[in-house]
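Student: I would like to know how the labels used for a structure follow from the numbers. Can we work through one?

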4 protein chains.
Amino acid sequence: MRLLFLGDLVGRTGRQAAIEILPSLVEKHRLDFVIVNGENAAAGFGITEEILQDVLDAGADVVTTGNHVWDQRDTLVYIERQERLLRPVNFPSGAPGRGANLFTARNGAQVLVMNAMGRVFMDSLDDPFTAVDMVLESSPLGRVADAIVIDMHAEATSEKQAMAHFADGRASLVVGTHTHVPTADHQILPGGTAYMSDAGMCGDYDSVLGMEKDEPVSRFLRKIPSGRFTPAKGTATVCGVAVEIDDATGLALDIAPLRIGGHLSQALPPSWTQG
Amino acid sequence: MRLLFLGDLVGRTGRQAAIEILPSLVEKHRLDFVIVNGENAAAGFGITEEILQDVLDAGADVVTTGNHVWDQRDTLVYIERQERLLRPVNFPSGAPGRGANLFTARNGAQVLVMNAMGRVFMDSLDDPFTAVDMVLESSPLGRVADAIVIDMHAEATSEKQAMAHFADGRASLVVGTHTHVPTADHQILPGGTAYMSDAGMCGDYDSVLGMEKDEPVSRFLRKIPSGRFTPAKGTATVCGVAVEIDDATGLALDIAPLRIGGHLSQALPPSWTQG
Amino acid sequence: MRLLFLGDLVGRTGRQAAIEILPSLVEKHRLDFVIVNGENAAAGFGITEEILQDVLDAGADVVTTGNHVWDQRDTLVYIERQERLLRPVNFPSGAPGRGANLFTARNGAQVLVMNAMGRVFMDSLDDPFTAVDMVLESSPLGRVADAIVIDMHAEATSEKQAMAHFADGRASLVVGTHTHVPTADHQILPGGTAYMSDAGMCGDYDSVLGMEKDEPVSRFLRKIPSGRFTPAKGTATVCGVAVEIDDATGLALDIAPLRIGGHLSQALPPSWTQG
Amino acid sequence: MRLLFLGDLVGRTGRQAAIEILPSLVEKHRLDFVIVNGENAAAGFGITEEILQDVLDAGADVVTTGNHVWDQRDTLVYIERQERLLRPVNFPSGAPGRGANLFTARNGAQVLVMNAMGRVFMDSLDDPFTAVDMVLESSPLGRVADAIVIDMHAEATSEKQAMAHFADGRASLVVGTHTHVPTADHQILPGGTAYMSDAGMCGDYDSVLGMEKDEPVSRFLRKIPSGRFTPAKGTATVCGVAVEIDDATGLALDIAPLRIGGHLSQALPPSWTQG
Ligand SMILES: [Fe+2]
Ligand SMILES: [Fe+2]
Ligand SMILES: [Fe+2]
Ligand SMILES: [Fe+2]
Ligand SMILES: [Fe+2]
Ligand SMILES: [Fe+2]
Ligand SMILES: [Fe+2]
Ligand SMILES: [Fe+2]
């Protein structure tokens, strides 16, 4: 099966670019399943239910999040009824919403999606390794799930790589989010799990993390806030990663980056355009 | 002029791969100037004078470093006589060695190379923005220097991007190091400065940051050290970034990633192979 | 001379307790100089000009701050005309206001007060050691200043102690603030400088850092904000430290804690009540 | 019952001072139970089995630790046979040793001692609140345990205070360690639990955290290591906190600091000397 994962939507330019291009990507390239990280979709801070619906309507099957998940206060409420919105699985028990869920892909496959949050240089949630392990053990790849995707929302590449090796052979894809910069280290690990340290954001890359650059640069220089952070408004690059998953084993056959539009070098998965 | 920057050499496999390939790259692609980050060259921790010499002999014009610069205690002494070894420019005044220096490229151009270290999630050196600004103002691009390269050794992409915008139009290239993962966000900023968030390491990418994966994974799980961190021994990918610099202005004409060997997708700068 | 330093005023209960008791303390115990840290005076976040005036009217000669200095946006403006309000001296150059200033005590002595901010576990301002050193060297104790007080606003005791040893013999008092808990390690260091790691807050100690305890406890448990942080409203303990300074040398003759009211054990400097 | 808790033993001077004074304190003041934090007893880094035995022989009933627990590699082995040595209870499951244990005091009472480690500005162990809650619920005060003591080893006072309020009414004493500085905020909380943010270290207070001050001060100034951290050798202050516990309820009747010897102001619990 063919799966696409798009990184953090940042602001209007980022989410609009993703929403506009997703339908044609899904149709033209016969995508079986689409996951989008939406933690910065609402002006950089969280996601509203309306925006969530727009992203789902555009073709996303699941929206993952991260440290910004509760920035919009309503999310604490509406996440309970939105089964396709995930928050990090390693929040303390009792947190609203779900951190992992099983979904049916367009090809009928059962896809398990998990969102986990790292702890290095971030707030200390529960251990993401234990949390991921519990889900992987209770819904093993190839038996309960035909494909398993872990969005490892984390700052440190060490923790993302450790999670990938920890899940290697037990997941189809471990992909990082949060740094808002796409990495070029996509590979299939020895156990068959595809990995990429960060999917990058869908947003304007002439910016600081997708936000207007003046204020963040000024804060680094002056150490005094001059105003709010607001999303940059330039053309967005839609960034993500595509994986071909073996229907028999759930392991990865191919992984390739996707970068469309905006300031970055363009990339389409070669497997999409071959044949 | 044509410039190549290679990211952090990690351990024997990383430095050997770089040392073996550099002479042919320099010759075949007529590289005018080569910079290599060597902060992890000696078994992952710092760089010895002997290894430094090997890297220079292979064709590097300058070796930059970062937070690991003093891991080999001798470096505090030998850095004084090694003008081609840089430590972060924003160490408090009185630190041994240099943080910036002017070099003559093979084409006769004067190349100013600077090494700066970020402070987000890292030890607090002096302000890297002020330090870089002072050098840029005293040796302006196009007058004192024909090309200016800043190795921004930092954890957070926000700080790297802020530095890039801060130096945009005043440097040829701002390139990040330290995360040991190559990014795919290479671009030329509005002011003409080439930028890439991280050059990636030269090392084995079936690892955690170039180190054997078992110990770091175990520490994330158990929170107890079982042993030392040792460099992974698998085939290395040589990672870096190439820039074509306008001889007249010192600004960037082109930027492209380089990834050779090992587990990652391969990339050669298109401009090297065209014509 | 006799000097009193009061720690961070937290909210209404803390600032009211300090404002009410200061006039009688000044008069009854013939205090020559009073310094108050006011960074949390306005509902826990910064200080308004009106509150500043109230604190000065109550008998404070100087109000110091810390990381919360700019929480009230007006402070960026009014600090320019308020010579008795200090912000950390190690903000990058160009910051509004002053980090150090010379004042005349009731006994005619010239008192130099400095506010510095640590960098361990805090945002990276400029090096506080260099900043303090410059002031100490340009206004030496016993020549330009009859007394010198450094409010070292910092999280880590290591950094506070290092600052104290660094200034030992060159200042009358190095006192820490920011943890909102008074320490019992007051002593006179070998060089004659009085030291206490933290003056403690003026606030309600049945709280978390002076704030209503329910929300912070809930965040530690749930990792999700339920609401805002608001100052606790119970009876405040006025916490601080008193120093007797040698008029001839500017060094410390005696240091003792002060804790009045509220939930903590009560302490008055023995030297105040003897004779 | 009468209980004494001593803070982190730092190096030879700290542990010797504690070892020398403990027998006479136990006898003279009829102490029913003594707990000592020993995480820095072995030259500042961890504790050897031999030193542990010396501390127990001197009268300690339990030795707690913290982030330095595994600094001596043998501890991973010998902790299994040493029931009186505790490591933080919130290490991931499978860690060697115990984080909580029930002991019999000299008066026959059952004393539950727990060691927990904070996560703010520290490595992310499992949630200390959940871990403590589980122990408190399974061994409730007044039923399974006649007294319950929690050593909350943490950097941030916010986290220590939150733990105290969380356990208020369910424990006899919550006492912080790790900052190596005694606080003066000892109090009995509304629910009856005694609290003090930090017991302080047993060590030389003319130092940085009990270590020779030259090297740490130099590192703050130069940001380059010049050598190792070694314990200061001056006279130690034995620092701790004494609690009178209600035999009927297990709640606190009185809390008072203890500071004997060295550079700090001296303090003996008034209840020890009255009558
Ligand atoms: Fe994000
Ligand atoms: Fe994020
Ligand atoms: Fe590195
Ligand atoms: Fe580094
Ligand atoms: Fe404060
Ligand atoms: Fe503060
Ligand atoms: Fe300690
Ligand atoms: Fe500790």
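Tutor: We take the metal site, the annotated residues, the strands and the chain copies in turn. Keep in mind that this is a predicted model.

Student: What makes A:D8, A:E39, A:N40 and A:H180 the residues that coordinate the iron ion (ligand 1)?

Tutor: Distance. A donor must be an N, O or S atom within 2.8 Å of the metal. The OD of A:D8, the OE of A:E39, the OD1 of A:N40 and the NE2 of A:H180 lie at 2.1 to 2.2 Å. Therefore they count as donors. Along the chain their spacing reads D-x30-E-N-x139-H.

Student: Why is the site of the iron ion (ligand 1) called irregular?

Tutor: Look at the angles. Those among the four donor atoms run from 88 to 163°. A tetrahedral label needs all angles between 85 and 135 degrees. For reference, the ideal angle for four tetrahedral donors is 109.5 degrees. One caution applies: water is not among the atoms, so sites may look incomplete.

Student: How do you know whether A:E39, A:N40 and A:D8 are buried or exposed?

Tutor: Buried means under 20% relative accessible area. A:E39 has 1%, so it counts as buried. A:N40 has 2%, so it is buried. A:D8 has 0%, so it is buried too.

Student: Where do A:D8 and A:N40 lie in the fold of chain A?

Tutor: Both are in loops. A:D8 is in the loop between β1 (2–6) and α1 (11–28). A:N40 is in the loop between β2 (33–37) and α2 (49–57).

Student: What makes A:H180 a contact of both A:D8 and A:N40?

Tutor: Contact means heavy atoms within 4.5 Å. Sequence neighbours up to four places away are left out. A:D8 then touches residues including A:E39, A:N40, A:H153, A:H178 and A:H180. The contacts of A:N40 include A:D8, A:F45, A:H68 and A:H180.

Student: What do the records say about these residues?

Tutor: An unreviewed UniProt entry places a "binding site" at A:D8, A:E39, A:N40 and A:H180. They are spread over 173 residues of sequence, yet their largest C-alpha distance is 11.2 Å. The UniProt annotation "binding site", also from an unreviewed entry, covers A:E39, A:N67, A:H153 and A:H178. Those are spread over 140 residues, with a largest C-alpha distance of 10.2 Å. Such annotations may be inferred rather than shown by experiment.

Student: Is A:H153 buried or exposed?

Tutor: Its relative accessibility is 0%, so A:H153 counts as buried. A:H153 sits in strand β6 (residues 147–153) of chain A.

Student: Why is strand β7 of chain C called mostly covered?

Tutor: Count its residues. Five of the five in 173–177 are buried. C:L173, C:V175 and C:T177 point one way, and C:V174 and C:G176 point the other way. Both sets are buried.

Student: How do you know that β6 and β7 of chain C pair?

Tutor: Pairing takes at least two bridges. Five bridges join these strands, so they pair. They run parallel. In one bridge, C:D151 has C:V175 as its partner.

Student: What makes β4 and β8 of chain B edge strands?

Tutor: The open sheet of six strands has the order β4-β5-β6-β7-β9-β8, with mixed pairing. β4 (100–104) and β8 (187–188) each pair on one side only. Inside the order, β7 and β9 pair in the parallel sense over three bridges. B:V174 has B:Y195 as its bridge partner in β9(B).

How values were computed:
Residues are numbered from 1 along each chain as its sequence is written. Chains are lettered from A and ligands numbered from 1 in the order in which they are written. This is a predicted model: local features need pLDDT of at least 70, side-chain atom pairs count only at pLDDT 80 or more; totals for chains, interfaces and linings use all residues. Side-chain values use heavy atoms; hydrogens and water are left out. Donors are N, O and S atoms within 2.8 Å of the metal (3.2 Å for Na, K and Ca); water is not among the atoms, so sites may look incomplete. Four donors count as tetrahedral if all angles lie between 85 and 135 degrees; four count as square planar and six as octahedral if opposite donors are over 155 degrees apart and all others between 65 and 115; anything else is irregular. Buried means under 20% relative accessible area, exposed over 50%, partly exposed in between (1.4 Å probe, protein chains only). Helices (H or I, at least four residues) and strands (E, at least two) are DSSP runs, numbered from the N terminus.
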